[in-house]
Amino acid sequence: MLSKDSVNLEIVNKKYRTPLLEAVSDGHLGIIQRLIARGANVNAVDKEGSNCLHLALATKEFHSEVEHMTVLDQWSWKLSLNKKDRLCSIIVASYLFESGATFYQKNMEGMSPLDLIKDGNLKEKLKTFIPPACTYCQVMYASSEFKPCEHIALCRDCYVRIKWESCPTCQQRIRGVREFEAPKFEDRCVKKEATCQELGAASQAIESPKSEDKCVQTEVASEEIGEYKITVANSFL
């Protein structure tokens, strides 16, 4: 189902949750990975105003990792956690953040995903990787660097939509703009391409197993995904 171009990745159910939000809430890493690779909106919100980061941090542990995701190991190292914690909520939330999800979205209770992290030290470590919020919408990451002042104050959408003539930080007239792709700026483009290649290799491995053991594992994975597709499809009727 996910391999078809006609699939609507942004269809919502009664909770106003997209397939990605449902997959995050269910803790299903394999489906999350595939939906993001297909271009699912990582900043969609449900009826309660929660995005995928809210839901990820409310999920105790994730499962059904189709192929080993090195990005989870990398975030375990960055946050000084053990590899055994690589499937915990904050690691998966960090992966979603690297995919573009914003930590500044507030739900109907006025809580941002960062507010849900109870471990203060862990929260402070994570915040060192998070770009500042757009000073206008205060939801998306600031990604427009103004010249000559070099302030990074607005997200691309707010800058383009309002057509600012002066920097909102220092009021200096804008002579030029350099756009970054938040949250990883220049590096994110390269990492995103590499991630897509990894996903492609993972999908190929599932479709073309190399051994009898791989066949068994693939069959189990396919059954799990098949059951999940039926569950999701029913919930969106």
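Where is the place of Lys-84, in terms of α4 and α5? Lys-84 sits in the loop that runs between α4 (70-78) and α5 (89-98), where helices (H or I, at least four residues) and strands (E, at least two) are DSSP runs numbered from the N terminus. The model is a predicted one, in which local features need pLDDT of at least 70, side-chain atom pairs count only at pLDDT 80 or more, and totals for chains, interfaces and linings use all residues. Residues are numbered from 1 along each chain as its sequence is written, and side-chain values use heavy atoms, with hydrogens and water left out.

Lys-84 is exposed, with a relative accessible area of 71%; here exposed means over 50% relative accessible area, buried under 20%, and partly exposed in between (1.4 Å probe, protein chains only).

Turning to the backbone, Tyr-16 lies in the segment before α1 (19-26) and has a positive phi, near 65 degrees, in a residue other than glycine. Lys-163 is not a glycine either, yet its phi is positive at about 55 degrees. Lys-163 belongs to the loop between α7 (156-162) and β3 (176-179) and is exposed, its relative accessible area being 66%. A cis peptide bond, with omega about 10 degrees, links Lys-147 to Pro-148, and Pro-148 is found in the loop between β1 (144-147) and β2 (152-154).
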